[in-house]
Structures are given as C-alpha cells and as structure tokens.
Amino acid sequence: MLVPTLVGVTAIVFSLMHVSGDPIRLLFGPNVSEEKVLEKRAELGLDKPIYVQYWNWLSQVVQGNLGLSIHVQDRVGRLILDRVGPTLELTIPALILTVAIAIPAGIISAMRPYTIIDNVSRLIALFWVSMPYFWLGIMLMMVFGLRLRILPISGRGGPLWTLAGLKSAILPVLTLGLPPIALFTRLTRSAMLEVMSEDYIRTARSKGVRETIVVVHHGFRNALLPVVTLLGLRLPWLFGGAVITETVFAWPGMGRLLVNAVMERDYPVVQGVVLFIAVLTVVANLVVDFAYVFIDPRIRYS
Amino acid sequence: MVTAFQEEPDFLDPHRTTRFHSLVVLSYVTEPLLDIDPNFNPVPLLVQSFEWSEDKLTLVFHLKRGILFHNGQEMTSRDVKASYERYFRLSPLENYLGPKYGGITEIQTPDDYTVIFKFANPKPLALFHIADAHASIMPADWLAGMVDEEVGVKGLVGTGPYVFDRWIRGDRIVLKRFEAYNHAPDYMNHAGPAYATELVMRIIPEGATRLAEILAGNIDYTFDVPLMGYQQIAANPTLQVKMAPTYSVQYLVCNMKREIFNDKRIRLAIAHAINKEEIVRSAWFGIALPLYGLVGPGTTGYWKGVEEIAYAYDLEKAIAYLEQAGWTTVDRDGVRMKDGRRLELTLISFSNVDQWKAAAQVVQTQLARVGIKVNLELAEVGATYDRARAANYDLGIFRNTWWMGQPYLTFLTHSVNIGSSNFGQWKNDVIDTLLNLSSNALDDALRREAFIVAQALVVESAVWIPLAVNVNVMAARRDVGGLDKLFSHPWQPPLMRALVLYKQ
C-alpha cells in the first residue's frame with residue numbers, strides 16, 4: 001500500500017497547491033513585468049499542464065532528486081535535512097516528557113479513582129490542555145525569559161548536547177510537551193480502570209500476587225494498546241514539526257519550512273515535505289502494528 | 001551587533017532577488033557603483049568620478065583604485081562588465097538600463113579602471129538605476145565559477161563592509177567585518193571599516209517574541225518593531241526609538257473595469273468618505289502617516305503639492321456626490337439604492353498582515369457612514385494577487401515599496417501594467433504620456449514637471465486613493481550610537497546602518 005498511498009497523497013497536495021497563487025508572482029513581488037514572469041514560468045516548467053508538472057516531479061523523485069526550491073533556490077533534500085534535526089530536538093524530548101508524566105499520573109488516578117489524588121491529577125491535566133500552545137509559549141517566555149531571565153527567550157542556541165542548545169530547547173519542549181499530558185493521562189486512566197476490573201486481575205490478586213506486579217504486569221501491559229495507538233498517531237508529528245511552537249520560539253524546524261513553502265507556493269518544497277511525512281506516517285503505522293504483537297502476544301499477522 | 005528580522009531573505013543574490021529583506025542583507029555585503037545621498041543625488045561609491053557625453057549616449061565611469069573584494073582580489077572594469085551582463089540577463093526588476101529596453105547596448109573596458117556604458121537611447125534616470133543595490137558588482141572570476149542558482153546560496157563575494165560568514169536557515173545570518181573596507185561615500189563621515197566586528201541577523205517571525213527579545217535587551221537594534229509593542233518599547237529606559245517616514249505606501253484602489261466606477265462621482269464619494277487619520281490611528285496605532293499622493297515622502301521625485309490637492313475627508317461632500325449620481329434612497333440597513341440595486345462593493349486585501357486587515361475593516365466602517373456596504377474578502381497574498389490580476393474585485397487595498405518614484409508610479413498606474421501591477425485596471429493616455437516623459441525626457445526640468453503633473457492627475461482621478469505611508473521605526477539599546485546620523489538620511493539605507501551604527 002506504500003506506493004499508492006504516497007502517489008495519492010502527493011497528487012492531491014500537488015493539485016490543491018495549484019488552485020490559487022502563482023509562485024513566480026509571489027517570488028518576484030508586484031513590481032515585475034508580466035513578460036519576466038512568463039519567462040521565469042517557462043524556465044521552471046510551470047507553464048506546462050499540471051499533470052505534466054506532476055509527472056516531471058515524480059520522475060525526478062524516483063531518481064532520488066526532490067528538486068530545487070523555487071523560493072530559496074536550494075536543494076529540497078538539503079532543506080529538509082537541515083530542518084529535521086532541530087525539529088526532532090523539540091518533538092522527541094516533548095513526547096518523552098508527555099509520556100513520563102502522563103502514564104504514571106494515569107495509573108495513579110486509576111488506582112485511586114475519585115480520590116483527591118485523582119481529582120488533582122485531572123485538574124492539572126485539564127489546566128494544561130486548556131492552554132493554547134501559542135499562549136503557553138508566550139507565557140513561559142515572559143516568565144522564564146523576560147522576567148526571571150534564566151532561559152533564552154527564543155532561537156536555537158546550538159545542538160541539544162551543548163549547554164546553550166539545551167537551555168534554548170527547554171521552553172519550547174515544555175510548550176509542546178505539557179498540553180498533551182491531559183490526553184495521555186485520561187486515556188491511560190480509562191484503559192487502566194477497564195483492565196483493572198477484569199476477572200484475571202481479580203484472579204491474580206486472589207492468588208496473592210504483589211499489587212505492583214498486578215498493576216504493572218497484568219494491568220498496565222493490557223492497558224497499553226490504546227496508548228500505543230495514540231503514540232503511533234503522534235509519530236509523524238515528531239518529524240512534521242510544530243508550526244506554532246516553532247514560530248513563537250523562532251525555531252528553525254520543519255513546521256516553519258512547510259508553512260513558508262505553502263505561503264510562497266513553493267511546490268517542490270511542499271511536495272518534498274509532504275512526501276517525507278507521508279513515508280514516515282506509513283512507517284509509523286507499521287511500527288505500531290509490530291508493537292501490538294509485542295504487547296499482546298495473542299495478536300498475530302499472517 | 002545583533003539585529004532582528006521579521007522575514008527571512010529568500011536568497012542572497014543581488015541580481016536575482018526582489019525581496020526587501022534580502023536586499024537589506026545584501027547591502028552589507030555587495031555594492032553598486034553609485035549610492036544615493038540624503039538629498040536624493042546619485043554619488044560615487046565604487047567609482048572616483050563619472051561623466052556623460054554631450055548626447056547622453058555615453059557614460060564613462062572611472063573606478064576607485066584599490067577596492068578589494070572579500071576574496072582579496074582588486075575590483076576592475078572586468079568585474080563591472082561581468083556583473084552588469086549578469087544583471088541584465090537575470091534580474092526580474094531590470095527594465096530600464098538593459099539592451100532590451102533601449103538602454104546599455106555595449107560595455108567597454110579600455111583599461112582596468114575605466115568602464116564605458118554605451119546607450120542606444122538617452123536614459124536620464126540611469127544614474128538612479130545604477131545606484132540600485134540590485135546592480136551590485138561581484139568578481140568576474142568568482143561568478144564564472146558559479147552556477148547562477150548557487151550565488152547567494154553557497155556563497156557571496158562583494159566589496160561591502162561585511163563579509164558573508166554563514167546562514168542557518170530559519171535562524172540567523174552571520175556577517176563578519178571586512179577589515180579592508182575604506183570607501184564609504186563622504187556623506188557618511190566614516191569611510192570604514194564598520195565599527196562592529198560581527199553582525200548577527202536573527203530571524204524572529206513572531207511579533208510578541210521579537211518584542212520580548214527587544215525588551216530583554218537581546219537585540220541591539222531592529223527596524224522590524226512590532227507596532228503593538230511600541231508604547232512598551234518607548235517607555236523602556238534602556239531602549240531608544242527613532243522614527244521616519246519610509247517609502248512603503250498603502251492605497252485603496254477602484255477597479256475601473258467595474259462599470260460603477262466609470263461614474264467619477266462614485267470615486268469622489270469614496271475619496272471624500274475616507275478618513276486617513278482615523279485609518280492611521282486604528283490600523284497602525286498612530287505609527288504611520290496619512291498619505292496624500294501615491295508616491296510617498298521617502299521616495300525620489302515626491303511632490304509635496306499632493307497634500308494641497310488630495311480629497312479631504314468630508315462626509316457631506318461624499319453624500320452629495322452619491323446623491324448626484326442617483327443613489328438617493330436608503331434601505332433599512334442604511335445601504336444606498338438606485339433602481340432597486342444596493343450600493344454594495346467587494347473589497348479585497350491581504351489577511352496575513354494585521355495592519356492591512358485592520359485598514360480594510362476601518363474602510364468598511366467609513367464607507368458604511370455614507371451608505372456604501374463593503375463586503376471584505378481577505379485572503380493570503382497568493383490568492384489575493386490572483387484575484388487582483390483577474391480584476392475580480394470592486395475595491396482593493398494594496399501596498400507597494402520602492403524608493404525610486406518614477407518606475408514605481410509607472411508600475412502602479414501606467415496602462416502597460418494592467419493585468420500585473422496596475423490594480424486600477426485603468427488606461428489613461430495623459431498619465432501614460434506623462435510617465436513616459438518623466439522617464440525619457442532629456443530636459444531635467446521637463447522630466448520633473450511631467451512627474452509632478454502625473455502625481456497630480458493620479459490623485460485627481462480618485463481611481464487610486466492613498467491611505468497611509470509606513471513609518472520606519474527603529475528600536476535600539478541605549479548603548480547603540482550613530483542613530484542621529486543614520487536618520488539624517490530619508491530612508492536609513494542598510495549600507496549606512498552598517499557603517500554609522502556602533503556600540504558604546
């Protein structure tokens with residue numbers, strides 16, 4: 001299914017991009033004569049019918065060439081490679097942060113349902129999920145960057161393994177990682193509540209198995225399936241980047257690359273990024289499918 | 001020195017780019033032969049002197065000796081020839097000097113320090129175009145070794161006060177001081193090298209983030225000041241703010257392909273119903289100036305007389321014109337009617353800039369006061385330009401930016417640009433003739449006079465209704481010096497920023 005999916009996705013995006021906006025007009029601005037615009041359009045093959053343009057692009061891609069950006073005149077492959085690293089520097093730590101807080105919180109809530117611990121956990125989760133990323137980012141920036149001056153306000157200080165890089169990533173990682181905690185906490189809690197009421201849990205307890213083993217081994221492992229599904233859905237986001245957070249923190253990631261390319265009708269870049277994300281989505285789904293087998297040995301694929 | 005940009009340059013090739021922010025960065029690195037002084041006169045930059053022949057068909061440049069490129073090579077006439085040939089071949093903006101436009105048909109280089117431009121026809125505005133940063137000089141040998149698309153992407157070599165060091169896309173551009181720079185024009189009172197050893201240009205697209213960085217003192221200076229934070233910046237004792245009108249103008253335009261505007265009284269009614277001061281206050285937080293002609297005060301050839309002839313805000317006059325045109329009855333929504341038809345117009349503009357969006361909303365409110373219902377149809381730049389070129393609108397709010405008045409007014413109003421940048425979609429033979437004269441007449445006085453009359457006729461037509469001229473706002477830390485000197489020039493050119501600003 002990989003090939004038809006990729007061809008379908010890129011063909012749809014390619015067609016939609018041509019609905020409005022002229023990349024050459026956007027590149028040149030208003031003060032350029034029609035003659036020059038037509039010349040450039042012909043030079044880049046944009047005067048050809050859409051299906052011919054799409055075929056030309058596809059032929060290039062098959063040979064491993066994603067083409068040249070119309071807007072910044074650089075190789076699309078290089079642009080993507082330059083941006084994917086900074087994006088992963090934000091999205092992977094953010095996902096780890098989300099999971100590291102949400103799963104224990106979900107389990108604890110499920111173990112003590114409707115107690116003060118559960119209520120507080122739900123309240124905190126609701127607090128983070130109610131905040132738009134944009135607002136949360138600005139608030140963190142104002143408090144830690146402008147007021148307390150202990151962290152950089154914006155920009156990427158360098159690779160994550162350097163002190164400057166690490167410090168500059170903290171606020172965007174918090175902005176990306178805190179709001180989804182609610183979703184993962186609630187999902188873990190409800191899955192755990194369901195599993196913990198199963199007969200095999202009662203059996204394990206009646207056999208005198210330690211509560212920790214009952215919860216982690218028998219309960220959590222079985223409650224993991226929906227959580228893994230949700231994690232799988234977020235994997236493409238790891239590479240696709242987070243437009244709002246990247247914009248607020250002036251972070252040079254994939255999200256900004258894609259949005260700028262859409263605004264400029266930079267077809268080769270949009271196509272390249274979409275193809276990249278589509279491939280990762282398909283791969284991520286495959287990884288999730290394998291994870292199911294690992295978590296629940298009853299699942300088998302022929 | 002750290003500065004902040006709202007927008008990232010596309011690529012750093014003077015001959016190919018049309019982007020303002022690209023040109024700003026380029027002006028630190030590459031230079032044209034001439035510069036424009038604070039009185040709008042072309043003055044030598046890379047040349048010692050220049051002279052015209054009697055018939056204005058030959059222009060001789062004597063190059064300054066000892067001017068070095070960043071790769072250590074001395075600039076010679078060969079480099080000028082190679083750069084101009086490339087400029088004519090590639091620049092989308094080149095439409096005056098090149099051989100295709102009856103301009104320079106031959107470039108002679110009799111020796112290393114003399115360049116002779118031979119013109120097919122006299123080009124009286126040639127010196128202004130030669131002073132344009134797009135016509136910058138780069139080394140011939142270096143250019144010969146590069147594919148066109150690689151210039152400004154893989155590297156850049158010029159004669160400017162800063163050397164291109166690195167560009168981390170989406171994050172920053174870093175320039176290093178060129179120690180051998182020593183040829184800035186006299187009016188700058190500092191021949192070079194630049195004071196700051198390194199210039200870091202950070203790309204910060206979000207206004208709130210830029211504001212926080214400015215307030216925290218992390219940005220030494222910037223011209224991309226978020227207007228919503230102006231009061232906070234102005235009230236901050238660690239910062240200083242300077243302002244000056246720029247050449248970026250916003251205007252409302254009537255699409256003359258729509259029958260309703262053939263009645264001039266409708267256009268006059270709209271012109272009188274527009275309160276420019278209110279638009280400046282509401283949309284630009286007061287940090288802009290009302291615009292009276294289509295050419296702004298920071299532009300070459302600006303004629304101050306437009307302030308006298310512009311249609312003043314006068315609701316009574318606006319209503320009177322509408323009534324004379326037969327729009328006498330008003331429906332229960334307060335919209336004027338004629339022969340059972342409501343006076344309802346579409347207004348297009350860009351949705352991606354808050355000020356344009358707000359200006360469109362204020363215009364909508366102002367026209368409602370006289371009974372004209374305006375339906376706003378705001379979209380992002382690409383979609384809006386598509387509609388504009390297809391003439392699919394009644395009214396539009398657009399912006400244009402150029403420091404050279406004559407070509408700028410030609411783009412906006414000459415009939416050859418209908419379908420591209422003449423959004424009035426209107427052919428007026430008198431305006432066309434005047435614009436041609438203002439470009440080609442050999443007599444300086446006649447050329448100037450033609451341009452003045454053209455500006456007057458454009459205002460008088462009420463096809464284009466000027467709204468506001470942007471103000472260049474610069475915020476800088478208190479320890480940044482040279483601001484007064486910089487603002488002695490009407491448009492604070494980037495080359496001057498590079499040379500006169502310093503940190504105490």
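## Interface between chains A and B

The contact draws on 40 residues of chain A and 36 residues of chain B (two residues are in contact if their C-beta atoms, placed from the backbone, lie within 7 Å). The model is predicted: local features need pLDDT of at least 70, side-chain atom pairs count only at pLDDT 80 or more, and totals for chains, interfaces and linings use all residues. Residues are numbered from 1 along each chain as its sequence is written, and chains are lettered from A in the order in which they are written.

On the side of chain A that touches chain B, two or more residues each come from α2 (23-28), α3 (34-43), α5 (76-111), α7 (133-147), α12 (243-248) and α13 (254-263) of chain A. Helices (H or I, at least four residues) and strands (E, at least two) are DSSP runs, numbered from the N terminus. The largest share, five residues, is that of α7(A).

## Packing of α5(A) and α6(A)

Helix α6 (residues 116-129) of chain A packs with α5(A) at an angle of about 145°, the axes being 8 Å apart. Axes are lines fitted to C-alpha atoms, for helices over the stretch in contact, and angles run from 0 to 180 degrees between N-to-C directions. The contact is made by A:Ala105, A:Ile108 and A:Ser109 of α5(A), with A:Ile117, A:Asp118, A:Ser121 and A:Arg122 of α6(A).

## Chain B

Chain B has 17 helices and 22 strands. Its C-alpha trace spans about 75 × 60 × 40 Å along the principal axes. Of the contacts in chain B between residues at least 6 apart in sequence, 68% join residues at least 24 apart.
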